[in-house]
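Reader: I have a few questions about how the terms are applied here. Please set each value against its rule and keep it short.

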Amino acid sequence: MILRLENVSKSFGALKVTDAVSVDVPRGEALGIIGPNGAGKSTLFNLITGNLLPNAGRIEFLGRDVTRTPAMERVRMGVGRSFQIPQPFEGLTVFENLLTAATFGRGGREAEMVEDCAAILEETELLKKANLVAGTLSLLDRKRLELARAMATGPELLLLDEIAGGLTEGECRALVATIRRIHAKGTTIIWIEHVLHALNAVVERLLVLDFGRVIGIGAPDAIMASKEVREIYLGLEV
Amino acid sequence: MYRLTIRTRAGNATTIAVALLILIGLALPAVAPRSAIQDLFFILTMLTLAQLWNLLAGYGGLISVGQQAFVGIGAYAMFAGVILLGWNPVVAILFGGLAAFLLAIPFAYLAFRLQGAYFAIGTWVLAEVTRLLVAQWKTLGGGTGTSLPREATSAILGTDTIRALFGVRDAAARDILAYWLALVLVVAVTGGIYWLLRSRLGLALAAVRDNVDAAGSVGVDTGRLKWAVFLIAAVATGLTGGLVFMQTARISPDAAFALTDWTAYVIFIVVIGGIGTIEGPVIGVLVLFALRAALADYGSWYLMTLGVLAIAVMLFAPKGLWGLISARTGLHLFPVRRRLTGPKIEGGN
Amino acid sequence: MLLETRGLTASYGQFRALFGVDVTIAAGECVAIIGANGAGKSTLMRAITGILRNEPGMVLHKGEPIGALSPAAIMQRGIAMVPEGRRLFPSLSVEENLLIGGQMRKVAGPWSLEAVYDLFPILKERRRSPGTALSGGQQQMVAIGRALMSNPELLLCDEISLGLAPVVIRDIYAALPKIRAGGAAMVVVEQDIGKALSVADRVYCMMEGRVTLAAPAAAVTRAAIHAAYFGEAA
Amino acid sequence: MIWLDTLVQGVLLGGLYALFAAGLSLVFGIMRLVNLAHGDLIVFAAYLILVGVTMLGLSPLVALIVAAPVMFGVGWLLQSLVLNRVLGKDILPPLLVTFGLSVTLQNGLLETFSADSRRIPAGTLEGASIDLGLVTVGVMPLLTFLSAVAVIVGLNALFYRTALGRAFRATSDDAVVAGLMGIEPKRVFAVATGLAMAVVTVAALYLGMRANFDPSIGPARLIYAFEAVIIGGLGSLWGTLAGGVIIGVAQTVGAAINPEWQILAGHIAFLVVLLVKPRGLFPRAVD
């Protein structure tokens, strides 16, 4: 198991946003997370990255207890993330964005880092634009950069937060192809998404979250076929 | 196959031009009158302080209004080294840098408890406290201050050689030495900052400046970065303080810890020239000097003009004069961009 | 037409959130806007209320362009919003939160402090408490009451059931017919389709920044919603 | 007995510092803006009153009543024309603009009024004192303190009893939603700064009547005011009074030990509070 959550709970005041979530993620898996707005999806990510600490429960990463480990250390251990709204370093170039992530998220000799960054840029179809300032990029390229920068920290586990939102059909397909390639090379992925067809093109399992609780986990076809899940996701009363 | 380069044609040209300027600057005392040397000393030391404040505020986001504390403590430590320990003033300047470092630790510890605008006034209070404490130091003249003893000023390292070389008197020789040291300092500080910005620290600073959350998410330690920048700026500011008061040879708490001289002017230089660039302070210090020359006879009009100019720049051209020039021409004299070179990469600098 | 958007686009920086949205709201009617998370529903509300400024002609109020006006100016024309997440003022008491809703637009109408307390009696008991000390459902009542205090002609309700327990949602929705009886037109932005359909005359469904379905509420089938939601034939 | 006297003098002095600080606290509380020219604006107002008293022959109180609306207008214009343009997520522009304003004001005053020390003549009030049995207090310090209390009571009433105060608090909590309530945040900010400048005028009256002043003393007043605000806790007006009193008492106690330590003791008290309670003594629940 690369990641193991045991009864992880998080409350803001009286509101329980994550309610005793337990899930095991085997190495190499691609897991999708769906659920209505406010179901606690992003909170779950913040608990995994260490930007939030749980009120109860235990988080293991690569067999080590990281429940209280600071976010910065988890990045260096191999937890990479992309933000829902792309947050590039706008004044830096695409390449510099990656170089920063490589330098501080992983480290190593400069020549190696440069080669790695170039390889990731090639993978994410940004190589041509390596020397453009990130602030000038289109939305699709910002999303790609978000992905590429997370990759540059050398993640064992890659967390993608609604990376397909706001894209056109064609753009979305291109991005999905990239994510499939990354996954095929062995990176474990957990992906929150509401663009379901994009998600289902990549993930092996789907996890459905509602009111902070896991209400279903399994193969995408089975989950989406479940009337209950589908209705909850739509917000229709069963 | 892929390589990282920072060099550009403009950057290479700058390097050559700066090297030439340094050589000319070193040789200048042979031909320039004493008043010109004194003016240049003023310009160079102000430029040093401005580059350091720019490092703090423009790159590190730390808006300090208390840098006069480090000028003052550096100056007083230099005086203490000379008067109490009998050191040569030039050596004692280094002691000024050490004192600034020691002061910076508790200073930052307290100031970092305050955020944003309150950090600014907090540094100001801490500078005041430092001034008031130093004013209690009776052996160095307390509130009224003191002068460097004549035997120390006449025996400053190297002045004999300068006297012989240029055939000048004691005081003029001291000015030339101070000028040379200021030249060395400004080159070291500007060069050091330039190097820093091209190092991994510069990458981290730029990342934090653009987006703190994202910087944390890729592993940048923002807390340590703040400390590093603050300590570096403090030490170099202390060295500058020591040098400035070696040249004047007279010190008092009010002069050494003057908010106007060591922080207000400096802020105006950076803001008017362009914050967050190395070129900005250079432009700013020239504007300051030109205004000083033009308004020398009008007393407080000089500072008033600077204040109004700074407000106008903030309102209408927040990136300063260099920002305007750079936006028009796309020129960067001190490139810090790391470009990826190799196959399949197109355009963009 | 009370309110109309024409080819409304909106962006957060480079992030394009709306791609040419056309919706109309007639006086007195109730319109539901449904769609998945991220479909652009809240952005539409932010654009209508002026939080995101637009080209003047992209939003029309009674035929006049208001797309470039400030939120305050738009509110003073009689368009009030119950914002997503309720967003009560923490340093104001319940009663002050209500009062501030009406203090900048004083027009005659069915709503007053007393009328709001009649609608949500629990608020009268808690009138002196800080707004944020209330439960989520009660806070939602304050947010609705606060918007009503200006006697708006159009009330925009952004995700009023979000994060609330089903029984509380039922209470909130029970109040909507009474609000409609006061004469204001309403827009109900919802992810809870069942709830939205129960109160609306017409429905717009949004997906990825566009309107994918516009129909009378009575004519909407689950199949049509599935298609509009998932971008696939159900 | 001498210690009791020192304490009472300190508390009364604290009233003056609270007056300096009230406007700063008000503006920070509503728009998170720190005005580095606050001290110089106090001095500016003091000169305004001085002109009214010496050139127009007004009594200090009448001069105050004339100057306060003028200062309100100055604050309103300053906020509308300059500060509203630079308020935003980046704190650098407003800081640098107000710093520039501070230097400009100081030197403008220097040019107009010269560096000579001046004082607002207070007639018989000067030097008058009341014997309270255990201690004797000056009428002027007592008036200062009572004015500080009155200003704070007044501001609190405005904040918590009026529609304007409600708009202030709402805008401070959430400017975007305040807009949805029909409130123009920028107009609210302009009124708040105007109000702060009216309070500054009261502070200026006492600054000018109690002791000599000259164009250069603004920054030191800003520092005392700032310390009082931080000690009290951001946004709490009664906290600001408490902060002022702490600075005042620390200064008089310091001065009683060694006259040279007066100012230093005030600063040290501030640093100690900062170390122990970085959010101040009465921090706001929500921030």
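Reader: Which residue in strand 9 of chain C stands opposite C:V31?

Author: This is a predicted model. In it, C:R202 of strand 9 stands opposite C:V31.

Reader: What makes strand 3 and strand 9 of chain C a pair?

Author: Two strands pair if there are at least two bridges between them. Strand 3 (residues 30-35) and strand 9 (residues 202-207) of chain C have five bridges, in the parallel sense. Therefore they count as a pair.

Reader: What order do the strands of that open sheet in chain C take?

Author: The order is 6-7-8-3-9-10, six strands with mixed pairing. The twist from one strand to the next averages 15 degrees.

Reader: Why are strand 6 and strand 10 of chain C called edge strands?

Author: Strand 6 (79-82) and strand 10 (210-216) of chain C each pair on one side only. In the order 6-7-8-3-9-10, they stand at the two ends.

Reader: Which helices of chain C lie on these strands?

Author: Helix 1 (residues 41-48) of chain C lies across strands 3, 6, 7, 8 and 9, at about 135 degrees to strand 3. Helix 6 (residues 136-148) of chain C packs on the sheet and touches strand 6 and strand 7. Its direction makes about 175 degrees with that of strand 6 of chain C.

Reader: Now chains A and B. What makes B:R338 and A:E96 a salt bridge?

Author: The cut-off is 4 Å from a side-chain nitrogen of Lys or Arg to a carboxyl oxygen of Asp or Glu. The B:R338 and A:E96 side chains meet at 3.3 Å, N to O. That is within the cut-off, so the pair qualifies. Between chain B and chain A, the count is three salt bridges. Polar contacts there number 12 residue pairs.

Reader: Which element gives the largest share of the side of chain B that touches chain A?

Author: Helix 9 of chain B, with six residues. By class, that side of chain B has 15 nonpolar, seven polar and 10 charged residues.

Reader: How much area do chain B and chain A bury between them?

Author: About 2,900 Å², 61% of it on carbon and sulfur atoms. Here 32 residues of chain B are in contact with 34 residues of chain A.

Key:
Residues numbered from 1 in each chain as written. Chains lettered and ligands numbered in written order. Predicted model: local features only at pLDDT ≥ 70, side-chain atom pairs only at ≥ 80, totals over all residues. Heavy atoms only, no water. Contact = heavy atoms within 4.5 Å. Buried area = accessible area lost by both parts, 1.4 Å probe. Polar contact = N/O pair within 3.5 Å; in protein donor to acceptor, adjacent residues only side chain to side chain. Helix = DSSP H or I, 4+ residues; strand = E, 2+ residues; numbered from the N terminus. Nonpolar A, V, L, I, M, F, W, Y, C, P; charged D, E, K, R; others polar. Axes fitted to C-alpha atoms, helices over the stretch in contact; angles between N-to-C directions.
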